[in-house]
Amino acid sequence: MASSAIGSSNVQERLDLEQNNLNERARWVLDAPEPPGVWHELLDCAKETIFPLGNKFLSLRSEPGTKRVTSLLQEIFPVLVWCRNYKATKFKNDLLAGLTLASLCSPQSIGYATLAKLDPQYGLYTSVVPPLIYAIMGTSREIAIGPVAVVSLLLSSMIQKLEDPLANPISYRNLVLTSTFFAGVFQAAFGLFRLGFLVDFLSHASIVGFMAGAAIVIGLQQLKGLLGITHFTNKTDIVSVLKAVLKSVHHPWNPHNFILGCSFLSFILITRFLGRRNKKLFWLPAIAPLISVILSTLIVFLTRADKHGVKIVKHISGGLNPISVHELQFHGQDVGELARIGLILAVVALTEAIAVGRSIASIKGYHLDGNKEMVAMGFMNIVGSFTSCYVATGSFSRSAVNFSAGCESTVSNIVMAITVVISLELFTRLLYYTPIAILASIILSALPGLIDLHEVQNIWKIDKLDFLACIGAFFGVVFASVEIGLLAAVTISFAKIIILSIRPGVESLGRLPGTDLFCHVNQYPVAVKTPGILIFRIKSALLCFANANFVRERIMRWVVEESNHEESEDKAQRTTRVVVLDMSSLMNIDTSGIASLEELHKILDSNGMQLAIASPRWKVIDKLRLAKFVDKIGGRVFLTVGEAMDACLSSEMDTI
């Protein structure tokens with residue numbers, strides 16, 4: 001009898017010790033220090049945003065002035081870092097890559113300038129100054145800088161609403177240069193103030209749909225050059241373009257343009273197929289556009305095909321980039337609209353460049369500094385607007401060629417720019433007889449790379465809401481306009497965020513056998529629920545006015561359903577007596593969220609049930625404590641769900 005009494009005493013002492021430990025650990029949660037205030041957080045965020053390199057430079061205050069200046073210059077100009085280890089063998093690879101790049105860049109740049117409704121030489125200008133600026137400020141080794149199809153289309157589709165490029169080409173060009181300046185300012189600001197998250201407003205799915213829609217629109221626009229149509233619509237939607245094509249059927253047209261363009265388009269596509277089959281022939285599809293331009297120009301010149309209906313480029317101004325600072329227009333009623341266009345161009349251009357830059361950097365195994373990329377591209381477009389360039393960015397097709405050619409650094413961009421300068425000085429007069437149909441075929445040959453059907457299929461498999469954003473962007477571009485497509489993509493993406501915020505998931509948890517882990521019972525059917533105790537996890541970072549009522553109603557519905565289920569199985573068994581809320585995922589809460597928890601507590605208490613909280617975050621428990629909610633639930637706050645369960649099972653919750 002004595003040994004039995006001693007055993008009972010030991011068990012009681014152990015239970016009391018465990019209970020004291022639970023009480024002490026619960027106090028860890030309740031006695032947490034006050035979290036930083038909102039003003040303190042805003043100040044820290046501003047310091048980090050506006051002075052991202054401040055701590056680094058402050059650490060150099062004790063260093064000599066020369067070292068501080070050197071560190072600052074290395075941050076601004078990454079070329080000063082990698083050029084110290086640059087060797088002749090790397091230059092050999094960069095020289096080959098740069099020359100290969102120039103052979104592709106020159107004809108593409110001329111074609112993209114015509115797509116932007118500018119004279120052909122402006123495409124070549126854009127392939128000179130921006131690549132040189134990027135070479136000394138950019139962090140990607142493989143990105144090829146210059147004009148691209150999507151930005152060219154976007155630019156022309158928006159600017160021509162302000163000025164007719166045919167009726168007043170000089171004024172149109174000045175508006176293009178001004179919008180380029182604004183785009184550069186926004187890009188530089190994104191990088192300097194760490195606002196790169198704005199670029200992420202275009203989700204991956206919306207970019208895929210936007211690029212595919214833009215490819216279709218660009219392809220339709222090239223029907224003008226491919227068919228030799230004189231009168232064509234300025235609208236970009238598929239309905240307007242097809243109407244313009246059908247109307248042109250009733251007018252006399254020359255099939256020579258179509259035959260010439262399709263022949264060289266087939267040649268370019270065949271060389272691309274051969275290049276993909278044999279990686280050693282990477283140079284073949286790269287020089288195919290240049291070969292097409294040379295051969296077609298010779299054919300037209302020797303046969304005098306321009307006298308028989310074949311449309312040609314005619315005069316292309318040569319020489320170095322003319323200064324255009326005096327042509328920027330910062331006065332007048334269109335300045336606000338130009339700033340808006342510049343913002344859109346900045347986001348789209350950065351999205352394309354950073355996407356291709358990060359994909360190649362991951363393959364090569366180095367880090368791409370997104371903020372430095374934004375600053376570099378911002379400054380290159382600002383300087384570009386001063387030197388007769390329109391918006392430049394990283395090109396998917398040319399960057400792939402640069403990578404395949406084995407480039408080692410941004411020197412390949414310098415080689416490309418120098419080669420284009422030589423072309424501007426010496427060879428532009430030779431392009432007088434270049435057929436416009438060839439430029440159309442070069443642009444058409446680059447479009448398949450913008451349509452990724454495999455990725456569209458993956459988006460459909462993985463996330464149906466993402467797929468909705470994808471097709472929304474696609475149909476918006478194809479059937480309305482490029483701006484509508486972008487707006488549709490951003491709107492659907494934001495709608496997705498709002499839906500997920502307003503209707504967050506609430507999980508019912510159970511304990512995995514043999515562990516202290518509590519998991520979603522639907523995901524883990526082996527998870528065991530404890531009779532009389534319901535555990536819920538709120539799958540939201542914020543419990544606020546937008547979702548608080550939904551969460552409360554969802555929990556009460558599950559409590560009622562679970563209680564009815566227990567009663568139907570065993571009426572003698574006690575129904576739900578404790579509801580535990582796992583708040584480990586909840587980062588913050590507002591007054592509406594607290595009010596919903598108070599109402600939930602009142603409903604549960606009136607039905608003989610208790611409410612407990614487990615794993616609350618710092619800000620959450622601080623606000624619940626200030627609102628006296630912790631006192632209202634009897635201090636039933638626990639460090640983990642497991643401790644809440646242990647306290648409940650030991651029937652000591654009321655004493656905590």
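Okay, a definition to start: I say a charge sits over a ring if NZ of Lys or CZ of Arg is within 6 Å of the ring centre and within 35 degrees of the ring normal. With that in hand, look at Lys 464, whose charged end sits over the ring of Trp 460, 4.7 Å from the centre. Arg 141 does likewise with Tyr 366, lying over its face at 4.0 Å from the ring centre.

Quick housekeeping. This is a predicted model, where local features need pLDDT of at least 70 and side-chain atom pairs count only at pLDDT 80 or more, while totals for chains, interfaces and linings use all residues. Residues are numbered from 1 along each chain as its sequence is written, and side-chain values use heavy atoms, with hydrogens and water left out.

Staying with the rings, then. They pair (Phe, Tyr and the six-membered ring of Trp) if their centres lie within 6.5 Å, and planes under 30 degrees apart are stacked, over 60 edge-to-face, and the rest tilted. The whole structure has 12 aromatic pairs. One of them is Tyr 432 with Tyr 433: the centres are 5.0 Å apart and the planes at 70°, so we call that edge-to-face. How buried or exposed are those two? Buried is under 20% relative accessible area, exposed over 50%, and partly exposed in between, using a 1.4 Å probe and protein chains only. Tyr 432 comes out partly exposed at 34%, and Tyr 433 is buried at 19%. There's also an aromatic cluster made of Phe 181, Phe 182, Phe 330 and Phe 386.

Now the pockets. On a 1 Å grid over the protein atoms alone, a pocket is an open set of points with protein on both sides within 12 Å along at least five of seven lines, and lining residues have an atom within 4 Å of a point. Points are joined across faces, edges and corners, and the volume is the space filled by probe spheres set on them.

The largest pocket holds about 1200 Å³. It has 43 lining residues, with Thr 114, Lys 117, Leu 166, Lys 224 and Ile 436 closest to the centre. Helices here are DSSP runs of H or I, at least four residues, and strands are runs of E, at least two, numbered from the N terminus. Among the helices giving at least two lining residues each are α6 (88–115), α10 (169–192) and α20 (436–446).

The second largest pocket is about 920 Å³. Nearest its centre, out of 32 lining residues, are Arg 276, Phe 396, Ser 397, Ala 400 and Val 401. Which helix gives the largest share of that lining? That's α18, with six residues.

Last stop, the sheet. Two strands pair if DSSP finds at least two bridges between them. Six strands make an open, mixed sheet in the order β4-β3-β5-β7-β9-β10. β4 (518–520) and β10 (637–638) are the edges, each with a single partner strand, so one side of each has no neighbour in the sheet.

Let's look at β7, residues 578–582, where five of five residues are buried. Val 578, Val 580 and Asp 582 are on one side, with Val 579 and Leu 581 on the other. β7 runs parallel to β5 over five bridges, with Asp 582 partnering Arg 537. Five bridges also join β7 to β9, again parallel, and there Val 579 partners Leu 611. Out towards β4, β3 pairs antiparallel through three bridges, with Leu 509 facing His 520 as its bridge partner.

Notes:
1 Å grid on protein atoms, 1.4 Å probe; cavity = no way out; pocket = protein on both sides within 12 Å on 5 of 7 lines; lining within 4 Å.
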